[in-house]
Amino acid sequence: MIELYDLAGRDPLLRFSPYCWRIRLALAHKGLEAATIPWRFHEKAKLPGAPHNQKVPVIVDGDNVVADSAAIAAYLESRYENGPSLFGGENAEAHANFIAAWADHVLMPALAPLVAPYVLPVLHPMDQIYFRSTREARLGESLDELGARSGLLLEAALATLAPVGATLGRQAFLGGAEPSYADYIVFSCLQWARCVGSPSLIARDDGLARWQDEMLNLFDGLAGNAPVAETDGRQRAAKA
Ligand SMILES: N[C@@H](CCC(=O)N[C@@H](CS)C(=O)NCC(=O)O)C(=O)O
């Protein structure tokens, strides 16, 4: 069975990494069973392929160790070509590449200042100092200051998501009539925010809300039934 190294919080059941969620959904889309291995930032030496591999997701599939969500998605598509297509064809794969670049260069930077302060309290205590120092250096501001500005940061995040909502008002999924990797990329960013208990990114009852519900229900509620943290960082049990 494929193993997926997946970022976990203090509670090993709390999984929130946006890049790992992309792959959990991709594996389910392909109909592949996988065991997720909880991993924390302070366990870098335990990652398969370390010290070259420093980040999750990493998968181990027999003799193959693959790191990086884009590389893993491409690997799953070609290695398991008889399963349902993850991208939905060559053109769709090219479009998904743009969605991934937009998510990494525009959406994640818009969400990170809002979400990062909510990540800190759910982390394993041995991860908290590392997370605070690396994220404060990256974001250029203290997590406490960012937490105090979450109202304005939420507005900026919602503005960034507006084209996604507009698109989903006209079509069922970002990939068209059926969900595909393009959807998993964007949804995983929302799932990251949702799992750590940051303010809701679903502001209206529109295309985005309808789509998020459908994404939460896919694959027997894989994402919808996953444990989420309360806004104060305490963990709540998975939704029944
Ligand atoms: N480009 C990578 C990014 C992966 C990534 O940033 N993973 C984070 C968790 S969400 C990580 O493992 N960070 C390790 C660290 O910051 O030390 C991908 O798409 O897989």
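Select H124 to begin: leaving aside neighbours within four places in sequence, H124 is in contact (heavy atoms within 4.5 Å) with G9, R10, R40 and H42. This residue, H124, is found in the loop between α3 and α4; helices (H or I, at least four residues) and strands (E, at least two) are DSSP runs, numbered from the N terminus. H124 counts as buried because its relative accessibility is 19%, where buried means under 20% relative accessible area, exposed over 50% and partly exposed in between, with a 1.4 Å probe and protein chains only.

The model is predicted: local features need pLDDT of at least 70, side-chain atom pairs count only at pLDDT 80 or more, and totals for chains, interfaces and linings use all residues. Residues are numbered from 1 along each chain as its sequence is written, and side-chain values use heavy atoms, with hydrogens and water left out.

Next, colour the chain by pLDDT, the predictor's confidence in each residue, from 0 to 100. The mean for the protein chain is 94, and 96% of its residues reach 70 or more. Over residues 233-240 the pLDDT is below 50, and this stretch has 20 contacts in the model beyond near neighbours in sequence. Where pLDDT is low, the predicted coordinates should not be read in detail.

Now select strand β3, residues 58-61. V58 and V60 point one way, I59 and D61 point the other way, and all are buried. In a regular strand the side chains alternate between the two faces of the sheet.

Then show strand β4 (residues 64-67), which pairs with β3 in the antiparallel sense over four bridges. The bridge partner of V58 in β4 is A67. The hairpin of β3 and β4 has two residues between the strands, and G62 takes a positive phi near 60° there.

Finally, select Y19, K55, V56, R135 and R138, which lie nearest the centre of the largest pocket among its 31 lining residues. α1 (18-29), α2 (69-79), α3 (90-119) and α4 (125-139) each supply at least two residues of this lining, and α3 gives the most, with seven. A pocket is an open set of points on a 1 Å grid over the protein atoms alone, where a 1.4 Å probe fits, with protein on both sides within 12 Å along at least five of seven lines; lining residues have an atom within 4 Å of a point.

How values were computed:
Pairing = 2+ DSSP bridges.
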